[in-house]
Structure formats: C-alpha cells, structure tokens
Amino acid sequence: MPVNYQPVVDDETSIPKSSSSSSSRMDDEDQLVYTLDDALDSAGFGKFQFLVLAYAGLGWFAEAMEIMILSFVGPAVKSQWNLSSTQESLLSTVVFAGMLVGAYSWGLFSDHCGRRKGFLGITIITSAAGFLSTFSPNYVSLLILRCLVGVGLGGGPVFSSWFLEFVPASHRGTWMVVFSAFWTFGTIFEAALAWIVLPKLNWRWLLAFSSLPSIAQLFFYWIVPESPRYLSMKGRITEAHNILEKIAQLNQSKLPSGLLVSDSTIGLDEESAPSKYTPLLSSTRKLVSDFKSGFSSFVMLFSSKLIRTTLLLWLLFFGNAFLYYGIILLTSELSSEEGKCASTVLRSENLQDDSLYINVFITSLAELPGILLSAIIVDRFGRKLSMAFMFVLACIFLLPLIFHQHATLTTALLFGARMCAIGTFTVASIYAPEVYPTAIRATGAGVASAVGRIGGMVCPLVAVGLVTGCHLKEAIILFEVVIVVSVVCVLLFQFETSGRELSDSLAASDRKQVVVVG
C-alpha cells in the first residue's frame with residue numbers, strides 16, 4: 001500500500017484519536033493519518049460485525065427461501081388451477097427474469113444512493129410482493145407478483161457487498177463463507193417448512209410464511225448503519241468516522257490515532273459523483289445527474305482496466321449458475337426411485353408424498369460440506385485456486401455418470417458435485433465484490449449476478465430438454481464443458497484478492513494489486 005495520503009477536504013474533517021496505533025502513518029504534511037482499512041484492522045472483528053452479519057445473512061436467507069419455494073409452489077398451483085407445463089415453468093422463469101432486472105438496478109442504485117436506501121427498496125418490494133402473492137386470485141396476478149418478488153431478490157449482491165465493507169481484510173474470506181452459509185440454511189429451512197405446511201395447509205400458507213424473513217428485515221431496517229466505506233468514498237468522512245467509532249466501541253477496541261482519510265474523495269470522476277455541496281441543483285438537473293452517475297457506474301465496468309475482469313466474471317457466474325441448477329435437476333432425475341428418464345423435477349401427482357420433501361431436504365443438506373470446504377481453503381489457498389480446485393473436483397464427480405451407475409453411487413456422486421458447485425458459487429460471490437472498487441462494487445457484483453440468473457434461466461431449457469429426451473449422457477457432457485470453460489475463466493483472472501485491502505477507486509485498485517497473472 002502507498003504511505004502518502006491526501007486528507008479529504010471537508011468542513012468537518014476527521015477527529016484525532018488519543019490512542020496510538022502502528023496502523024497510523026504520515027502524510028505529505030507530516031500529519032498522522034489512517035485509512036478505513038487501518039481502522040477496520042484496529043477495530044477487529046467483533047460484536048458489531050456479528051450484528052451486521054445477522055442482518056445481511058437474513059437477506060441471503062430470505063432470498064434462498066424464495067428461490068427454493070419455486071420447487072413446491074409450481075406443482076401445487078398447477079394441480080389446483082389445471083395449468084399446463086409451460087405455465088408452471090413460467091412461474092419460475094418470471095422470478096429469474098425479475099432477478100435479472102433487480103440485480104442490475106439495485107447495484108446501480110446502492111452505489112449511487114447508498115447501501116441503506118438500497119435495503120429499504122429491496123425489502124419493501126420483496127416483502128410486499130411476497131406476502132400479497134398469498135392472496136393471488138388468478139394465475140396472471142400470481143405471475144406478476146412473483147416477478148416483482150424476483151426484482152426484490154435481485155438485491156442479494158447489495159447485502160454481500162455491504163457486509164464485505166465492514167470486515168477486516170485478514171478475516172474477509174472466512175467470514176464471507178460464513179455469510180454464504182445463510183443461503184444453505186435458507187434452502188434447508190424452506191424444504192422443512194414445505195414438508196410441514198403443504199400436506200396440512202396449502203401453497204398460499206407456504207407463501208405467507210416464506211415472506212416473514214423479508215418482513216423482519218423491513219422491521220429492523222431502522223437500526224442498520226450505512227457502509228463507512230461508501231461514506232468515505234463519497235467524501236462524508238465525519239459520518240464514516242462516527243460509524244467506525246461505534247464499531248470500535250462495541251468491539252471494545254480503539255481506532256488508530258490521527259485523521260481518517262480516503263483513498264479517493266469520490267469513486268469515479270469529479271463530475272459523476274455528487275458531493276454534499278450540490279443540493280442546490282434543481283430536481284430536473286439532479287435527476288439527469290443521477291441518471292448519468294448510474295450510467296457511468298455501468299460504463300466503468302468496461303474501462304480498459306476492468307473489461308477483462310468484468311467479462312470473465314460474467315462467464316464464471318453464468319457457468320456457476322448453469323452448473324448449480326443443472327446438478328439439482330440431475331439429482332432429482334437420476335436419484336428418483338422409478339429411474340424414468342422422462343420424469344420431471346417434481347411431480348404434482350406425488351406432491352403429498354413425504355418422499356418428495358425428504359429428497360429435496362437431503363439434497364439441500366449436501367451444500368453444508370461445500371460451505372465447510374470453502375471456509376477451509378478460501379483464505380489458505382486464495383480465491384482463484386479454491387474455485388479451480390472445486391470446479392475440477394465437480395468435474396471428477398460428474399464424469400462417471402456418463403456411464404450407468406448404481407443408484408447409491410449415482411446419488412453420492414451427484415451430492416459431491418453439488419457440494420463443489422455451491423463451494424465455487426460461494427467463493428465467486430466473495431471474489432466479485434472484492435475485485436471492484438467501492439464506487440462500482442455493488443454494480444459490478446450485481447450485474448455479474450444478473451448474468452448468472454441468465455444461466456439459471458437457460459439451464460432448465462437446455463438441460464431439461466436433454467434429460468426428458470433420455471439424453472442423460474449428453475447432458476452430463478454439457479455440464480463438463482461448462483466446468484472446463486469456467487476453470488479457464490478463473491485462471492485468466494488478473495489478480496488474487498485474498499488478504500488484499502478493498503479499494504475505493506480504480507487508481508487505488510491498481511496500487512493494491514498483489515499477484516499479477518497476466
């Protein structure tokens with residue numbers, strides 16, 4: 001890291017601390033200064049971060065439940081309303097389409113207006129649309145409301161980016177894996193909830209209960225702090241300092257002595273990031289300025305310094321989603337008791353059979369060892385090597401399935417593949433927000449996530465066609481090809497982010513690169 005920092009010009013410039021710390025350093029005018037990363041390292045990981053983890057994890061938990069519910073609601077609605085298979089599939093497709101729009105939109109919004117405001121919009125839309133789905137009088141209204149739920153769920157990367165910005169670099173990999181575990185717990189909880197609710201009540205009650213986590217998020221929104229890194233990037237140093245003080249106080253630690261400074265007063269260029277001195281703009285001019293700022297954030301992803309990373313991330317997330325949802329499909333198909341290649345993922349006529357819920361429940365449990373494996377290797381071996389290793393392991397698990405195997409061995413191989421798929425998904429979700437500067441972090445991670453949703457939408461169309469047409473061998477070969485392409489993308493990433501401080505600007509990002517590959 002560079003040792004010379006320029007203090008941010010602010011009417012309420014940072015306050016010197018009485019405590020001393022080796023994290024402090026001198027600027028060009030021999031003033032004692034420290035960066036936000038220095039402050040987080042000194043404050044450590046403690047009670048404050050656990051509270052942040054609880055709120056961000058609840059958002060991830062809620063998203064997993066709303067995604068998992070698609071496996072149960074579709075067949076139930078199809079049976080009750082006499083829908084066609086196409087209409088049933090459309091219930092899932094519109095959710096992913098909404099997530100595609102939401103992932104891009106919420107990323108731009110939170111990078112420009114702040115993480116907290118993004119949370120407010122995300123939780124209002126998700127909780128309201130999710131709960132109102134319970135009272136849908138017909139298929140069209142349910143379709144519209146589930147699409148709106150998808151728009152809200154697209155804000156998932158904002159929660160991960162927000163939590164990431166509170167974690168010291170030395171703890172980031174491990175705790176981001178812990179954060180990702182909320183997804184697995186959400187899928188397991190939803191499977192158990194469906195097992196309890198559907199046989200006794202109906203799909204409307206399941207929708208109502210599944211919306212409760214999002215409603216709880218809205219209830220606790222008022223105590224959620226803004227990201228100090230976002231505030232620092234926007235030049236709101238005093239506000240960032242106040243939050244850092246609260247972190248240190250709750251963690252029973254101290255901040256470094258000196259002035260808090262930022263790597264960059266603004267995240268992009270001088271024109272695209274409004275400061276606190278521009279409230280006199282008319283509402284029309286401000287709206288135009290906001291639009292330009294959001295568009296600039298997206299365009300910045302294709303700058304000469306980021307275009308390679310951006311495109312590789314898109315391919316990685318597409319491949320990850322395609323593989324993850326494809327393995328779930330294969331598990332349901334190849335592990336079925338009848339073993340009929342024309343069987344569907346879930347059969348409406350077997351909806352009340354306990355074996356249906358047991359199968360989905362046990363399949364979800366397969367993700368737990370994947371999360372554990374990620375936690376063990378993500379900081380020890382780095383993000384890139386961890387992803388490459390788990391992709392190769394998934395390839396090994398799937399390869400024997402090209403030939404007919406015993407049912408028990410088939411199930412074990414598919415569970416191993418899903419373990420690796422969730423592991424690579426977890427590490428990729430850590431790497432994406434780390435690789436971008438603060439000004440476009442949520443946008444970059446959000447757009448990558450949106451491209452991943454396309455993979456989730458395409459997989460059923462391609463894989464289901466192969467599986468239901470009794471072309472299981474071809475389907476598995478397709479997944480192997482997707483894995484190979486994903487591994488190549490991982491190896492082509494320019495730098496490793498393990499142990500690397502988050503950057504606030506592109507220039508700072510260049511200075512903080514630690515391992516250059518090409």
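This is a chat about a predicted model of one protein chain.

Q: What secondary structure does the protein chain have?
A: The secondary structure comes to 21 helices and 3 strands, where helices (H or I, at least four residues) and strands (E, at least two) are DSSP runs numbered from the N terminus. Residues are numbered from 1 along each chain as its sequence is written. Because the model is predicted, local features need pLDDT of at least 70 and side-chain atom pairs count only at pLDDT 80 or more, while totals for chains, interfaces and linings use all residues.

Q: And how much of the chain is buried?
A: Of its 518 residues, 57% count as buried, meaning under 20% relative accessible area with a 1.4 Å probe, protein chains only.

Q: Switching topic, how do α8 and α16 cross?
A: The axes of α8 (residues 172-197) and α16 (residues 367-377) come within 9 Å and cross at roughly 175 degrees, the axes being lines fitted to C-alpha atoms over the stretch in contact, with angles running from 0 to 180 degrees between N-to-C directions. The two helices are therefore roughly antiparallel to each other, a term for angles over 145 degrees.

Q: Which residues make that contact?
A: Among them are Trp 183 and Phe 185 of α8, and Leu 368 and Ile 371 of α16, with contact meaning heavy atoms within 4.5 Å.

Q: What about Cys 420, buried or exposed?
A: Cys 420, found in helix α18 (residues 407-435), is buried, with a relative accessible area of 0%.

Q: What does Cys 420 touch?
A: Leaving aside neighbours within four places in sequence, Cys 420 is in contact with Met 390, Leu 393, Ala 394 and Phe 397.

Definitions and conventions:
Heavy atoms only, no water. Parallel < 35°, antiparallel > 145°, perpendicular 65-115°, else oblique. Buried < 20%, exposed > 50% of the residue type's maximum accessible area, 1.4 Å probe, protein only.
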